[in-house]
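Please look over the sequence and the model below, and then follow the topics in turn.

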Amino acid sequence: MTRSGNRTRLAQALALVVAVVLIGVAAVLAVRAQALRDDPALANRALLDEAAARGVTTEVSRGLAQVFSYDWSQPGITEAAADELLSGQARKEYDTLFASLQERAPDQKLTLSTQVQVAGVQRLTETEATLLVFLDQSSSRAEDEESSVSAAQLRVDAERKGRSWVITALDPL
């Protein structure tokens, strides 16, 4: 063999080794890229979309304040808020809770005021959200001027219905 023939074979062998290495690197990178695309954290908009997380937090917090506030002299306001803002398991629990409240409230002239202190989005997709919410509820009875404040911690599930969020589950923590 001539020297130029040896160089040609060496160049071909080197090209083949480089091609095999590049194919191997491409395969490893493709697998890694797919693993990154499949990362569940990327599906959670709560981690990626601050504006969307802030929007659902604001809307759900406002809804909780409305449905957990109650004035014995105007129960229809709270009931209307529940009709608009609650569904599923959250609505069933609300109906049970407030049926009892509506029986007692007129005699005690009971008023409840609820305020969300802190809320954070744990999980958020285009159509579903899970929030952790800390709220305070103050109650007062007109007949004996007694009042109290209680705190609650909830895990709240919500679903997007059109352009609004509807609360579907309320789980005490």
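Helix α6 bends by about 30 degrees at Gln102, with a proline, Pro106, following within four residues; the bend at a residue is the angle between axes fitted to the seven residues ending there and the seven starting there. This is a predicted model, in which local features need pLDDT of at least 70 and side-chain atom pairs count only at pLDDT 80 or more, while totals for chains, interfaces and linings use all residues. Residues are numbered from 1 along each chain as its sequence is written, and side-chain values use heavy atoms, with hydrogens and water left out.

**Helix α6**

- Helix α6 covers residues 88–108, and its 21 residues reach 30 Å from the first C-alpha to the last, close to the 30 Å expected at 1.5 Å a residue, where the expected span is 1.5 Å times one less than the number of residues.
- Helices (H or I, at least four residues) and strands (E, at least two) are DSSP runs, numbered from the N terminus.
- The residues of α6 that are buried are Ala90, Arg91, Tyr94, Phe98, Leu101 and Ala105; buried means under 20% relative accessible area, exposed over 50%, and partly exposed in between, with a 1.4 Å probe and protein chains only.
- The cover over these buried residues includes α4 (50–67), β1 (70–71), α5 (75–85), β2 (110–124) and β5 (164–172).

- Lys109, in the loop between α6 and β2, has a positive phi of about 50 degrees although it is not a glycine.
- Most residues other than glycine have a negative phi.
- Lys109 is partly exposed, its relative accessible area being 37%.

**The nonpolar core**

- The largest nonpolar core has 31 residues, of which Val60, Leu64, Val67, Val156, Ile167 and Leu170 touch the most other members; such a core is a set of buried Ala, Val, Leu, Ile, Met, Phe, Trp, Tyr and Cys residues joined through side-chain atoms within 4.5 Å.
- At least two residues of this core come from each of α4, α5, α6, β2, β3 (128–141), β4 (146–161) and β5.
- Leaving aside neighbours within four places in sequence, Ile167 is in contact with residues including Val60, Leu64, Ala90, Val156 and Asp157, contact meaning heavy atoms within 4.5 Å.

**Asp157**

- Asp157 lies in strand β4 and is buried, with a relative accessible area of 17%.
- Not counting residues up to four places away in sequence, Asp157 touches Ala129, Thr130, Val166, Ile167, Thr168 and Ala169.
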